[in-house]
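Thanks for coming. Please have a look at it first.

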Amino acid sequence: GRYLFMYGPDGVELTTSNQDCYLQLNHTGIHINLNGGNLYIENGNNTMTGNLLVEGSITGLGGFHISGGTGGTMQITGDIIQTGSFSNTGGVTSNSDIKAGTISLEHHVHSGVQTGGGNTGQPI
């Protein structure tokens, strides 16, 4: 194919006439400074083969789905707020516990247990 090759001893920079937005390509990677503007990648799929670090929020307008990989552990630090139903096909590992408030959902006892058709007391 036919390509335009641009190169410099330390890399290449594409910039606007007032130099407020630029793309730099050099031996350490690619740096894009949008000066508060937006980056749009349209049409098609995007593939990353390295790690991803996001220093802002992630919004999935079409949903949020993570699949594949080795089935490793997802670690979340902070609160989780969910709207809608929740399902889990896994279980609780031996070194963790799911709690509602201070009550363990897997390891709790009930007070006031009696035989017959009565109900138990609240978990303790």
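Leucine 23 has isoleucine 32 in β3 as its bridge partner. Bear in mind that this is a predicted model. Another facing pair is asparagine 26, which stands opposite glycine 29 in β3.

Both pairs belong to one strand pairing. Strand β2 covers residues 22-26, and β2 pairs with β3 in the antiparallel sense over five bridges. How many residues lie between β2 and β3? Two, and the two strands form a hairpin.

Now the sheet around that hairpin. What is the strand order? The sheet is open, has three strands, and runs β1-β2-β3 with antiparallel pairing. The edges are β1, at 12-15, and β3, at 29-33, and each of these pairs on one side only. On average, neighbouring strands in this sheet are turned by 10° against each other, ignoring direction.

Next, the chain as a whole. There are five strands and zero helices, so the order from the N terminus is simply β-β-β-β-β, and the chain is more spread out than a compact globule because its radius of gyration is 26 Å, well over the 14 Å that the globule rule gives for 124 residues. Along the principal axes, the C-alpha trace spans about 85 × 30 × 25 Å.

How much of the chain is buried? Of the 124 residues, 2% count as buried.

Last, confidence. The mean pLDDT of the chain is 83, and 90% of the residues reach 70 or more. Which strand has the highest confidence, and which the lowest? Strand β2 is highest, at a mean of 95, while β4, residues 99-100, is lowest, at 78. In general, where pLDDT is low, the predicted coordinates should not be read in detail.

To go back to where I began: the leucine 23 and isoleucine 32 pair sits in the β2 and β3 hairpin, and β2 is the strand with the highest confidence. That is what I have; questions are welcome.

Notes. Residues are numbered from 1 along each chain as its sequence is written. This is a predicted model: local features need pLDDT of at least 70, side-chain atom pairs count only at pLDDT 80 or more; totals for chains, interfaces and linings use all residues. Side-chain values use heavy atoms; hydrogens and water are left out. Helices (H or I, at least four residues) and strands (E, at least two) are DSSP runs, numbered from the N terminus. The radius of gyration is taken over C-alpha atoms; the globule rule is 2.2 Å times the number of residues to the power 0.38. Buried means under 20% relative accessible area, exposed over 50%, partly exposed in between (1.4 Å probe, protein chains only). Two strands pair if DSSP finds at least two bridges between them. Axes are lines fitted to C-alpha atoms, for helices over the stretch in contact, and angles run from 0 to 180 degrees between N-to-C directions. pLDDT is the predictor's confidence in each residue, from 0 to 100.
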